[in-house]
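Here is a short note to read beside the model. Keep the 3D view open and follow the points in order.

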Amino acid sequence: MVNQQRQPICGASWWWQWLPIMLLLAISQTTNATPPSNDDWWQRTVFYQIYPRSFMDSNGDGVGDLRGITSRLEHLKDAGIGATWLSPIFRSPMVDFGYDIADYTAIQPEYGTMEDFEALLAEAERLGIKIILDFVPNHTSDQCEWFRRSVAREHPYTDYYVWQDGRVDPNGNGTARLPPNNWQSVFYGSAWTLHPDRGQYYLHQFTAQQPDLNFRNPAVVEEMREVLRFWLRKGVAGFRIDAVNHLFEADGFPDEPETGTDRDPLSYGFTHHIYTKDLLEDYDMVYQWRALLDDWSREHGGDARIIMTEAYANITFTMKYYHAEEDDGDQPDGQPRAAAGSHMPFNFLLITDLNRDSSAQDFVYTIQKWLTYMPRVGATANWVLGNHDQPRVGTRYGAERIDAIHTLLLTLPGIAVTYYGEEIGMVDNPDAISSGGGDSVTGASDAFIVFSRDPERTPFQWDGTANAGFSSGPTTWLPVHPNYRELNLAAQRLAERSHYKTYQALVALRAHETFRKGSIQLVPYSSSVVVYVRELAEADTFVVVINLVAGERTVDLVAVFPKLSAELTVASSGSASCYRVGDIVQADKLIVGGYDGLVLRSVPLMSRAQRNLDGERHPTAASVWSAVKDAAVIASIIIALGSSYYGLRAPWQSVASGLAEGSLKK
């Protein structure tokens with residue numbers, strides 16, 4: 001009789017032995033976990049954009065230069081930056097401050113010499129910092145030798161650019177010509193300019209001084225490939241590709257359909273740009289450049305050389321830059337292979353979709369949007385918080401939110417990109433607009449006031465001395481922000497707490513394996529508070545809490561994330577926070593100060609269980625309460641498994657029936 005009573009339980013003993021581990025593993029997963037990365041150098045570093053004219057002036061002419069950058073690379077090392085990309089340093093008339101290139105393989109004289117660049121590379125290598133160059137393939141300057149020869153119809157440059165005859169003016173005398181179609185420039189006006197010497201119109205999707213190259217000409221494609229090889233031979237780690245979604249235009253040059261929302265035929269918003277932007281050939285060119293860089297890395301050794309792509313496009317189009325859907329290349333297993341593309345198709349959603357008025361729901365939706373659309377395999381997320389074309393973080397989100405927004409940037413999964421000066425909380429200088437030394441692209445009209453990019457390009461604020469320590473000269477190319485005496489790097493390095501020290505600590509914290517490889521689960525706790533958990537099996541769990549408003553908020557994290565321990569440790573806090581690193585807080589009644597961004601550390605569930613087994617003979621009330629909550633979660637899962645999973649039904653039933661029989665027979 002006794003053997004019969006025990007037999008059902010013995011038959012299920014394997015399940016009982018493994019049940020705790022199975023349940024712990026089950027509840028440690030999140031449904032929206034991101035796949036683990038390959039952990040290559042570019043996936044685990046922070047990228048930093050330097051605008052050369054404004055970073056550091058070494059010779060007192062008021063313009064930043066290469067020697068100035070070299071002299072300040074120690075700052076990047078101190079901040080924990082692993083790679084920097086330089087806005088264009090090539091020879092240029094500077095109509096668009098370097099984005100109008102006259103010679104792709106020569107240094108702009110006011111920035112220095114090729115020897116200066118090589119010295120910069122050497123110092124960066126010594127410090128362990130990668131150098132990425134800005135590559136501008138869509139267009140050249142009209143001062144480029146290629147364009148001059150194309151105007152003259154010299155072989156082989158005749159078709160290096162996009163040339164078209166004009167249309168006959170129906171209201172003219174038969175000889176007058178109109179632009180070939182209704183395409184507009186991004187910077188307003190027709191995208192076509194008649195060149196009197198050649199007698200044809202040339203295409204320029206940006207300024208008239210930036211003629212578009214003809215990428216349907218194989219010779220142009222090879223010229224651009226050789227430019228990449230030239231700088232790879234110098235030792236750069238990769239390229240940021242400018243305006244990549246403008247490379248190709250539709251054959252036949254048809255008129256683009258009108259939007260119906262902008263009635264000005266010279267405005268970029270007048271038409272839908274279906275024939276001049278986001279064509280399939282744009283993606284294929286990126287795949288070709290990626291193949292070139294991968295081949296170079298295989299042949300020459302060393303770390304991977306990378307591509308970062310700039311394309312202001314909808315998210316579906318942007319995701320195509322990661323890799324092709326499939327490729328018919330031969331594979332050992334006979335399966336198609338996707339052609340690799342951009343390592344980092346720039347994610348501008350934190351710039352374009354969010355601002356100081358955004359709610360917690362907006363933040364969660366925007367972040368999840370990228371993670372949802374991103375390919376599941378062969379892709380790493382990236383987050384761009386600012387650049388030379390957009391207002392600074394403190395201007396867009398409000399200076400009071402700078403630390404909180406950096407907490408967001410540096411704790412999300414994937415790659416973080418920082419624009420120079422953001423680490424100390426620089427803000428736009430509106431006085432730069434009227435200085436007369438800056439943005440010539442937008443001109444001096446009312447549009448200049450609205451669209452000028454000068455306010456976010458002002459000199460870096462190194463210290464409280466004249467010109468913020470940027471230049472020893474009497475003037476600077478753009479005026480330094482007048483707040484530099486209070487807001488500068490030197491002062492923030494000396495202060496006990498500052499924007500810079502918060503940023504620096506966050507960069508160091510994101511090196512933790514949970515931030516590099518862990519999953520993320522985001523929740524809008526309320527309209528003003530964003531919370532998310534970063535988890536990795538057998539590693540520390542982190543919770544990020546961001547308060548978007550001025551008032552204090554009380555948050556019950558346990559109600560959102562039941563696996564958390566009752567007590568959490570502050571791992572990072574804002575420079576104005578009431579919390580310090582190391583403080584202990586209660587997970588179920590956390591008080592978050594106005595505009596604060598907190599990173600809290602929790603001991604992983606498996607580690608807590610093991611710790612209790614190893615020696616916690618007298619558990620505290622907090623650990624007992626934590627164990628009770630964990631048990632409740634486990635019980636819930638047992639019930640769910642028992643009622644929902646057909647494959648596990650028999651073992652659970654056998655256990656239950658055995659227990660029941662034993663009870664009855666007793």
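1. Start with a crossing. Helix α7 passes helix α8 in a right-handed crossing, where right-handed means that the near helix is turned clockwise from the far one by less than a right angle. Helices here are DSSP runs of H or I, at least four residues, numbered from the N terminus. This is a predicted model: local features need pLDDT of at least 70, side-chain atom pairs count only at pLDDT 80 or more, and totals for chains, interfaces and linings use all residues. Residues are numbered from 1 along each chain, and side-chain values use heavy atoms, without hydrogens or water.

2. Which residues make the contact (heavy atoms within 4.5 Å)? From α7, they include Val-221, Met-224 and Leu-228. From α8, they include Met-285, Trp-289 and Trp-296. By class, the contact has 9 nonpolar, 1 polar and 3 charged residues.

3. Look around Trp-231. It touches Phe-90, Phe-117 and Leu-133, among others, not counting residues up to four places away in sequence.

4. Finish at helix α13, residues 402-411. Asp-403 and His-406 are among the buried residues.

Key. Buried means under 20% relative accessible area, exposed over 50%, partly exposed in between (1.4 Å probe, protein chains only). Helices (H or I, at least four residues) and strands (E, at least two) are DSSP runs, numbered from the N terminus. Contact means heavy atoms within 4.5 Å. Ala, Val, Leu, Ile, Met, Phe, Trp, Tyr, Cys and Pro count as nonpolar, Asp, Glu, Lys and Arg as charged, and the others, Gly among them, as polar.
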